Amino acid sequence: MENAARTNNLKRVVRVVLEIGQFSGVEPELLRFAFAAVKNGTVLEQAEIEIKIPPLLLYCCECRNEYLGELADLCCPVCLKEQFKIVRGREMLVKTIEGELK
Ligand SMILES: [Zn+2]
């Protein structure tokens, strides 16, 4: 993120929007905590962090249905099997960085 700020000639970053999928293996609260710990003394010092959780899109290997899952219930609503591939949900993206130009 610091590199992105430098490349875009930002004096300081005011807002960072992240997209963290439910299957990315990243815990949003831990990420928020880590971010708070490292930002001091960087261009990110005053940045707000916003974490978006995109929908979990699954593909049923059994009946080839695509459906939105939840971590609590990953079964296919059509055939009720739990044989799925993850279509969306592993993302770990920096969506936007807002800042002030130098
Ligand atoms: Zn199915």
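Six residues form the largest nonpolar core: V13, V16, L18, I20, L44 and A47. Such a core is a set of buried Ala, Val, Leu, Ile, Met, Phe, Trp, Tyr and Cys residues joined through C-beta atoms within 7 Å. A second, separate core has five residues, including L58, C60, C76 and F84.

This is a predicted model; local features need pLDDT of at least 70, side-chain atom pairs count only at pLDDT 80 or more, and totals for chains, interfaces and linings use all residues. Residues are numbered from 1 along each chain as its sequence is written. The pLDDT is the predictor's confidence in each residue, from 0 to 100. Its chain mean is 92, and 100% of the residues reach 70 or more.

| Element (DSSP run) | Residues | Mean pLDDT |
|---|---|---|
| helix α1 (lowest) | 2-7 | 78 |
| strand β3 (highest) | 56-60 | 97 |

Helices (H or I, at least four residues) and strands (E, at least two) are numbered from the N terminus. L18 lies in strand β1. L18 counts as buried because 22 other C-beta atoms lie within 10 Å; the cut-offs are 20 or more for buried, 12 or fewer for exposed, and partly exposed in between, with C-beta atoms placed from the backbone. Beyond four places in sequence, L18 touches I49, I51, K52, L93, V94 and K95. Contact requires C-beta atoms within 7 Å.

Strands β1 and β6 pair antiparallel over nine bridges; pairing takes at least two DSSP bridges. I20 has M92 of β6 as its bridge partner. Strand β6 has 10 residues with one buried, so it lies largely in the open.

Note on methods: Two residues are in contact if their C-beta atoms, placed from the backbone, lie within 7 Å.
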